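User: I am new to this structure and would like a close look at a single part of it. Could you walk me through one residue and then show me how it sits in the whole?

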Amino acid sequence: MTVSLRGTREVKDDYQLFRLTGLLDAFSEPTFRKVMTKCVEEGPKYLILDLSKIDFVDSSGLGALVQLAKKAQSADGSIQIVTNPRVTQTVKLVRLERFLALQPSVEAAIENIKKARG
């Protein structure tokens, strides 16, 4: 079995930045969910997911993103998702673009976190 999703994690003072590549699908979703849940628990509670290099997101991937957003919010944090046109289209199809806080760039996501923290 191949790993369909790869990524890196950078922990900054007030946020975590994840740069992901590949597929966020039924095969990668269980591991993605487990790793991300652990990262939210460890903190910081503000997450940036850079999905600009993601090739495909399916319904299980979207479900994992929604769960992650809820978990971050319940921990008094937030999630910002940097997208590409394909990911944006998939998210908009299910009308989750506001809930998932889609951003055009990592810089825009960082600015949003700074505003949220005051």
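**A close look at Gln 103**

The side chain of Gln 103 makes a polar contact with the side chain of Gln 80, at 3.0 Å. A polar contact here is a pair of N or O atoms within 3.5 Å, where one must be able to donate a hydrogen and the other to accept it; residues adjacent in sequence count only if both atoms are side-chain atoms. Please keep in mind that this is a predicted model: local features need pLDDT of at least 70, side-chain atom pairs count only at pLDDT 80 or more, and totals for chains, interfaces and linings use all residues. Residues are numbered from 1 along each chain as its sequence is written, and side-chain values use heavy atoms, with hydrogens and water left out.

Gln 103 lies in strand β5, residues 102–103; strands (E, at least two residues) and helices (H or I, at least four) are DSSP runs, numbered from the N terminus. With 12% relative accessibility, Gln 103 counts as buried, meaning under 20% relative accessible area with a 1.4 Å probe, protein chains only. Leaving aside residues up to four places away in sequence, Gln 103 touches Gln 80, Ile 81, Val 82, Thr 83, Ala 108, Ala 109 and Asn 112, where contact means heavy atoms within 4.5 Å.

Now for the whole. The protein has 4 helices and 5 strands, in the order β-β-α-β-α-β-α-β-α along the sequence. Of its 118 residues, 48% count as buried. Among contacts between residues at least 6 apart in sequence, 67% join residues at least 24 apart.

Conventions: Buried < 20%, exposed > 50% of the residue type's maximum accessible area, 1.4 Å probe, protein only.
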